[in-house]
Amino acid sequence: MEKTWNQRCLPMLLLLAILSADTNHNNIIFLRQTAADGVTPEEATHLRDEVREMFYHAFNGYMEHAFPLDELKPLSCGGEDSLGGYALTLIDSLDMLALLGDRERFTSSVDWIGKNLRFDINKTVSVFETTIRVLGGLLSAHLIASDYATGMRIPSYDNQLFDLAEDLARRMLPAFDTPTGIPFGSVNLLYGVDEQESRITSTAGGGTLTLEFGMLSRLTNDPIFEQVTKNAVRGLWARRSKLNLVGAHINVFTGEWTQKDAGIGTSIDSFYEYLLKAYLLFGDEEYLFIFQEAYAAAMHYLYNDPWYVEVNMDSAAIVWPLFNSLQAFWPGLQVLAGDIDPAIRTHAAFFSVWKRYGFTPEGFNLATLTVQQGQKSYPLRPELIESTYWLYKATRDPRYLDVGRDMVVSLQYGARCPCGYCHIVDVEFHNKEDHMESFFLAETVKYLWLLFDLASGPDNLVENGPYKYIFSTEGHLLPATPQISLIREHCSYLGAYCKGGSIEQESRKSDISIHPQENNVSALSGSWVHSSYPSDSSFLKSTTTSGLMKGLCPGLTHGQKYGISYVDATSTVQEDHSTHQRENVADSHSLLVVSQQSADNSLSNNKNNDHDMNVQESSE
């Protein structure tokens, strides 16, 4: 169906309106250098050092005034328990200390946690938040502290963090005991799931556990952790609509959607993120197949170039013309998927909201071009900064350094408090709230520091370390070590899925087809390298059976565990029926190119190049 003039032009007119809007209505306006001035390499170095100081201002404030409570109150210089009462901010900060090369504090922090942290406590905690912040933080720090290759190995370290991580994950397993496989939202660490626990959970809450639990399976040789989280993803995806959209909230017992708003933001965002990242980290094609279909549907029904809207998952009728701040991770995910052009346009649109207010509000109404009532705060979220880092890494376009500089200025002059950085209650007036989430240290300053370190000539674990890293949704560093990510192997660890066999998995395919496309981000230095992926029917068929846990595979050899050697595929007993297929799909961790087109002509129309404004014009 041909697009109307309104469908083609209104989104870009919206962007122009925001960029040209009068911003003097009680806003704090920050002076900045023009984009023409640009960020020089010398200034990038200064900005990197300034961000380092920002981290230590907040980290030292936490250690001096809040530790061992969970989080800092940066205005009053106090502390509060917000999750489980186990030094949350310290755990969330561990891999940032390692990234900065701070051996002394990294060592002392790991030592304290190993000696003092216990999870046999009568606390009811969020499964989602505990997984991404605590479990992910412990696993990331363990893999750094135990490995000579990282340059941050602690000689006295004896797997204390790993033991804690396994204990914590086992205490969360009762949450997965549901008819659908989708976990409860909360679990008591001592007694399991309370009888009165709500049966409603979010899609993100149930579908954003695969990286941390999957990594634990590979480190423990116990498949249970990966099994339960993959079953949760399958439980959600099996209940998708005929449009391949998922809703925001679901009943974990009946499988009925209690909120059918589909989007890429609140309550759904990281479901998409972990589909792609689970494939990149584990090489499991089942996640790739689901991501391909889910991504194509999102671009078809949710994308209103350059914005994204929320629609009814069954009818695709627009229910919410809103930009919410959690959507801002999406351009970064698109970089990993190789879909750069829409990522650039969407990032420019999202950043125009930041420029208008100095921060991004939780909600910005695209119909009224105003901050959404009740969603005026900025809780120091990292998502737009994360996407800025990824776009700079992919394009090396200096405009993203200008964006990062603006963000540093906003945080320094608008959010800095005596002992840390404060939530902004209202982005129009920049009123401060006495709270600092742990993710400010785990993500917000981490991505800013990585951005400017990359521009300065990178000297850090991510860019120059021994492994490629996937960032969890909490910004934790998850390395693609041979033990975790043996995608060339047919059998990677005890209990893993072995290629071959006759197990078939029913999978409903949408009408959306995936076509090969040349990778347009081959210059993405130090990241996943792959130029295309196959689209033949045999490949799509293979994705429907990949990743099933089905039996006992040989354990890792010493050489495999430490990356010295690989199993010869020709000698593997359970050989896949098409070795050539596997080489095409997973010869290396791949930077995927997800097709911007569909067999459905309307998706092609949605991707039409009917906007005449280039990126530079839309970002100024």
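Predicted model: local features only at pLDDT ≥ 70, side-chain atom pairs only at ≥ 80, totals over all residues.
I will start with the UniProt record. The entry is unreviewed, and under "active site" it lists Glu129, Asp269, Glu362 and Glu383.

Is Glu362 buried or exposed? Its relative accessible area is 18%, and the cut-off for buried is under 20%, so Glu362 counts as buried. Setting aside residues within four places in sequence, the contacts of Glu362 are Phe323, Asn324, Ser325, Gln375, Ser377, Pro379 and Arg381. With Ser325 there is also a polar contact, side chain to side chain, at 2.6 Å.

Glu383 is in helix H14, which covers residues 383–395. The relative accessible area here is 11%, so Glu383 is buried. Which residues does Glu383 touch, not counting those up to four places away in sequence? They are Ser325, Leu326, Ala328 and Phe329.

Next, the "binding site" annotation. UniProt, again in an unreviewed entry, lists Thr473 under that heading. Thr473 lies in the loop that runs between strand E20 (469–471) and strand E21 (477–479). At a relative accessible area of 16%, Thr473 is buried. Beyond its neighbours within four places in sequence, Thr473 contacts Ile132, Thr208, Ser270, Glu273, Tyr274 and Glu443. One of these, Glu273, makes a polar contact with Thr473 through the side chains, at 2.9 Å.

Now a position in a helix, Asn231. Helix H9, residues 224–237, contains Asn231. Asn231 is partly exposed, with a relative accessible area of 36%. Leaving out residues up to four places away in sequence, Asn231 touches Thr180 and Gly181. For the pair Asn231 and Thr180, the sequence separation is 51 residues, while the C-alpha to C-alpha distance is 8.3 Å.

First, H3 with H5. The axes of H3 (residues 88–99) and H5 (residues 127–145) come within 8 Å of each other, and the crossing angle is roughly 35°. That crossing is left-handed. What does each helix bring to the contact? From H3 there are Leu88, Ile91, Asp92, Leu94, Asp95 and Ala98. From H5 there are Arg133, Val134, Gly137, Leu138, Ser140, Ala141 and Ile144. By class, the residues of this contact are 8 nonpolar, 2 polar and 3 charged.

The other packing is H2 with H15. Here H2 (residues 41–65) and H15 (residues 399–415) pack at about 35°, and their axes are 11 Å apart. This crossing is left-handed too. On the H2 side, the contact is made by Glu43, Leu47, Glu50, Val51, Glu53 and Met54. On the H15 side are Arg405, Val408, Leu411 and Gln412. The classes in this contact are 5 nonpolar, 1 polar and 4 charged.

The side-chain polar contacts I mentioned are Glu362 with Ser325 at 2.6 Å and Thr473 with Glu273 at 2.9 Å.

Notes:
Residues numbered from 1 in each chain as written. Heavy atoms only, no water. Axes fitted to C-alpha atoms, helices over the stretch in contact; angles between N-to-C directions. Helix = DSSP H or I, 4+ residues; strand = E, 2+ residues; numbered from the N terminus. Left-handed = near helix turned anticlockwise from the far one by under 90°. Contact = heavy atoms within 4.5 Å. Nonpolar A, V, L, I, M, F, W, Y, C, P; charged D, E, K, R; others polar. UniProt positions renumbered as here; feature names shortened; annotations may be inferred. Buried < 20%, exposed > 50% of the residue type's maximum accessible area, 1.4 Å probe, protein only. Polar contact = N/O pair within 3.5 Å; in protein donor to acceptor, adjacent residues only side chain to side chain.
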